[in-house]
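Visitor: Please pick one spot, give me a close look at how it sits, and then carry on to the rest of what you can show me here.

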Amino acid sequence: MTRPMAPGAPGADDVRARTFSFPHRHFLSAADLDPVLVGDLLDLADGFVALNRQQTKKLDLLKGRTLINLFFEASTRTQSSFELAGKRLGADVVNMSPRSSSIAKGETLVDTAVTLNAMQPDILVIRHGSSGAASLLAQKVSCCVVNAGDGAHEHPSQALLDTLSMRRAFGRVGGLTVAICGDVLHSRVARSNVALLTMLGAHVRVVGPPTLMPCDVGRWGVEVHHDLKVGIAGADVVMMLRLQLERMEGALIPSKREYFRLWGLDREKLALASPDARVMHPGPMNRGVEIDSDVADDLAVSLIQDQVEMGVAVRMAVLATLAARLDNR
Amino acid sequence: MSPRPIAFTGARLVDPETGYDGPGALIASGGRIGEVTHEAGFDALSSDIRIVDAAGALLCPGLIDLRVKTGEPGSEPKETLKSAARAAAAGGVTSIVDQPDTDPTIDDPAVADFILRRARDIELVHVYPAGAATKGLKGVGMAEIGLMREAGCVYVTNADRPIADSRVMRRVLAYAGGLGVLVAHRPADPWLTDGACATESEFSGRLGLASEPVAAETIMIERDIALVALTGARLMVDQVSAAAPLESLARAKGRGLPIIATASINHLTFNELDIGDYRTFCKLIPPLRAEADRAALVEALASGLVDIVVSAHAPAPPEDKRLPYGEAAPGAIGLETLLPALLTLCHEGHVPLARLIHAVTLAPARAIGLSAGRLAAGAPADLALCDIHAPRLIDADALLSKSKNSPFDGRRLQGRVLMTLVDGRVVFEAG
C-alpha cells in the first residue's frame with residue numbers, strides 16, 4: 001500500500017511547492033531528525049519516486065549547485081545513488097575517490113576537505129571508514145556535509161530509505177516489529193535504523209551472536225536476541241545486515257557455514273516471522289552467508305530492490321531540502 | 001655562580017614529609033633550602049637576600065612528574081626537551097621523567113646520556129630519562145637495564161606498549177629488582193586493547209568506536225601482581241584508570257607487596273563523555289572511563305591507594321590530532337595544567353591539599369630515589385609558589401608546549417603558579 005500522493009506524476013512546480021528548508025546545516029545523523037521532519041522528508045521522497053518513474057526525471061531545484069561525492073570507501077549503490085539524485089535535481093556532480101586524489105599521497109582528510117571546500121561546492125557527500133569523520137568535516141568546511149556512512153557510526157540516508165520502503169509496504173512505521181539481524185557491532189546501518197525506527201515508534205529487535213553485539217545494546221531501547229528464530233518470531237520486517245567476511249579472522253564467528261546455519265535467513269526461518277513479513281538488506285549481499293537467494297530474490301517478500309529505488313528518491317529529498325536552506329540564506 | 005638567595009615570607013607552607021600545612025617562611029640559598037620557620041617571616045635578613053612576600057600563597061616542593069613525553073629525539077615538531085622544560089617550569093614542575101618511546105628509543109645508555117646532556121644545556125628543570133625495559137620496546141629482549149641505570153635512568157618501562165610475554169615480564173622484574181631498579185608497567189592486555197580507542201560502554205558503542213573493556217586493565221594488573229609476588233621486585237603500576245583494577249591493587253597492597261601506582265590527572269578529571277562529538281584531545285591511553293571509575297580513582301588518591309599523580313604529558317601536533325577519532329594520535333599535554341587541575345580536587349572538597357601535594361612531590365621523589373619533594377633544611381631548593389585561588393580560563397594556544405593538544409582548553413580552573421625555583425634558581429616567574 002502506497003501513501004497517497006497527488007494524482008498523476010508530479011511536475012517540477014508540484015515538487016518545488018512541497019520542498020521545504022532542512023532545519024540543520026548538515027545531514028549527519030539520524031539522531032538529529034525528529035518524527036515530523038522524517039514524515040516531511042518521506043512525503044517529499046514519495047514525490048520523487050513518482051518523478052523517477054517518468055521518462056523525464058529531471059528537475060532544476062539544484063541548478064547551478066555543485067555536489068562533490070567524496071568516497072573513501074568503495075561503494076556502488078550509495079555513491080551512484082547520490083550521483084543520480086544530484087544530477088536529477090540539476091546539480092553538477094563530481095565524484096572523488098582516494099585512488100584519484102591526494103589522499104594516496106598522504107594528505108589528511110581535513111586538508112582534502114578544506115581544499116575541496118575552497119572550490120566552493122555547495123554540498124559535500126562523504127563516506128569514510130572512521131566513525132566521526134563526517135562530523136569532523138562539518139566542523140572544518142563551510143558547505144553542507146552529508147554523511148553517507150562514517151565507520152561503524154551512522155548511515156542516516158540508508159535509515160531514511162529503509163523507513164520509506166517500510167512505510168510504502170505497510171502504510172506505517174509506528175507499531176511495526178522490525179528485527180535487525182547480524183553484525184550489529186560493526187554496522188552503521190543498524191545504528192541509524194535503531195535511532196530512526198525507535199523514534200518513529202517501531203518495536204526494534206536486534207538479533208545476532210553476542211560477539212557481534214555492541215556493549216549494553218539493550219540500553220538502546222531495543223530487544224536483544226541471540227537466537228534468530230526467537231528474534232524474528234512474529235516480526236513484520238526482517239532486516240539482514242551484511243557480514244564482513246574478514247570477521248572470521250578475529251574469532252568473532254567460527255565459519256560461514258555455522259553463521260548461515262544459526263543466523264542466516266532462509267525460507268524455513270522466515271516462516272516464523274509474521275505471515276506478511278518483508279525482508280530487507282542494505283546490500284551488497286553475501287548470498288548463502290546471511291541470506292539465502294531463495295528469500296532474497298522472492299519479490300513477494302523481498303523489499304531489497306525497492307530499497308535501492310527508494311535510495312535515489314530519499315537522497316533527492318535530502319539534497320533538495322538542504323539546497324532550499326541554502327537558497328533561503 | 002650560585003643564585004641570589006631568596007626568602008619567602010608570609011607563605012602557606014605544605015610539607016609532605018611532615019604533613020605540615022600552615023603559615024611559614026623559607027629561605028633558599030646555595031641551591032638548597034636553608035631555613036624553614038612556621039613564623040610568618042624572619043627576624044633579620046641580610047640585604048643580599050631577595051625577599052618575596054608570598055601573601056598567603058602556597059609554597060610547596062616543586063612538582064615531580066614521572067610521566068612526560070617529549071618529541072626529542074626524533075619528533076621535534078611535537079615538542080623539544082626545551083619546550084617541555086619551559087612548560088614544566090611554568091607549571092611549577094621542577095623534575096620530569098622523560099619516557100623512552102623516542103626515536104631512537106632510550107634503550108641504550110648513549111641515548112640516556114644524550115637526554116641528560118641536552119637537559120643540562122637547557123638549564124631549566126631537572127630531566128631524568130626512563131629507560132626502555134625491553135630493546136626497542138618490542139617486549140622480547142631485555143634492554144641494558146644496568147648500564148642505563150649507570151647512565152642516569154631512574155626507572156625502566158615499556159611506555160605505552162605493555163609487555164605481553166609473561167616470561168619476559170617476569171625476567172625484567174627479577175633482573176631489574178636485583179639491581180634495585182624500579183619497573184613501571186602499563187596494565188593493559190595487548191589483545192583486548194588491540195585497535196581500541198575508547199572504553200567499552202554504551203556510549204562508545206553508540207559512537208561506533210572500537211573499544212576495550214576495563215577487564216583488559218584488571219587482567220594485566222593481576223598478572224603483574226602475581227609476578228611481583230614471584231620475584232619480590234618493586235613495580236609501579238603506570239596509570240590505573242578504573243574501579244575494578246583498583247580493587248586488585250588494594251588487595252596486593254594489603255598483602256604488603258612492593259607495588260605503587262600512578263594515575264593521570266586526565267583520568268582524575270575527565271570521563272568518557274568528555275569525548276562528546278569525537279573530541280580527539282580526549283583520546284588517551286588508557287581511554288577515559290566511566291564517571292564511576294573517575295570517582296573511584298579520586299577516592300583512591302585521597303586514601304593513598306593511588307600513590308602518585310602524573311601529567312601523562314603527550315604532545316601531538318594538529319596533523320596528528322585533526323583526524324577522525326580512530327586515526328588520531330592518543331595523548332594530551334598536561335605539564336602546565338597539572339597543578340591547577342589537581343587543585344580542583346581540593347577546591348571541590350574531594351582530596352585535602354596536603355595529600356594532593358604529596359602525590360606530586362614526595363611520593364614520586366621516593367619512588368625514584370630523589371632527595372627532593374620536601375621542605376626541610378638541606379633539601380634541594382626545588383620549589384613552587386602558587387596562588388591556589390586565582391581563577392584561570394585555560395587557553396591552549398597560550399600554553400608553552402609546542403603542541404597545543406590540551407583537553408583543558410576552554411576550562412575554568414583555579415590556581416596560578418607565581419614562581420618556580422630549581423636548585424634555588426628562578427626558572428619561572430609570573431609576569
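Guide: Start with B:Thr102, which is buried at a relative accessible area of 10%; buried means under 20%, exposed over 50% and partly exposed in between (1.4 Å probe, protein chains only). Before going on: this is a predicted model, so local features need pLDDT of at least 70 and side-chain atom pairs count only at pLDDT 80 or more, while totals for chains, interfaces and linings use all residues. Residues are numbered from 1 along each chain as its sequence is written, chains are lettered from A and ligands numbered from 1 in the order in which they are written, and side-chain values use heavy atoms, with hydrogens and water left out.

B:Thr102 sits in the loop between strand 7 (93–98) and helix 2 (109–122) of chain B; helices (H or I, at least four residues) and strands (E, at least two) are DSSP runs, numbered from the N terminus. A polar atom of its side chain lies 2.8 Å from the backbone oxygen of B:Pro104. Leaving aside residues up to four places away in sequence, B:Thr102 touches B:Glu72 and B:Pro73, where contact means heavy atoms within 4.5 Å.

Now over to where the chains meet. Chain A puts 21 residues into the contact and chain B 16. Together they bury about 1,400 Å², 55% of it on carbon and sulfur atoms; that is the accessible area (1.4 Å probe) that two parts lose on being put together, summed over both. On the chain A side, A:Ser131, A:Cys215 and A:Trp220 lose the most area to chain B, together 30% of what that side buries.

The rule finds one salt bridge across this interface, a salt bridge being a side-chain nitrogen of Lys or Arg within 4 Å of a carboxyl oxygen of Asp or Glu. A:Arg219 pairs with B:Glu202 in a salt bridge, with the closest N and O atoms 3.1 Å apart. As for secondary structure, helix 4 (109–118) and helix 5 (133–140) of chain A each bring at least two residues to the side of chain A that touches chain B. Helix 5 of chain A gives the most to that side, with five residues.

Last stop, helix 4 of chain A: A:Leu109, A:Val110, A:Thr112, A:Ala113, A:Leu116 and A:Asn117 are buried there. They cover an arc of only 160° around the axis, which puts them on the same side of helix 4 of chain A; the arc is that of the directions from the helix axis to the C-beta atoms. These buried residues pack against strand 1 (66–71), strand 2 (92–96), strand 3 (123–128) and helix 5 of chain A.

Methods
A polar contact is a pair of N or O atoms within 3.5 Å; within protein, one must be able to donate a hydrogen and the other to accept it, and residues adjacent in sequence count only if both atoms are side-chain atoms.
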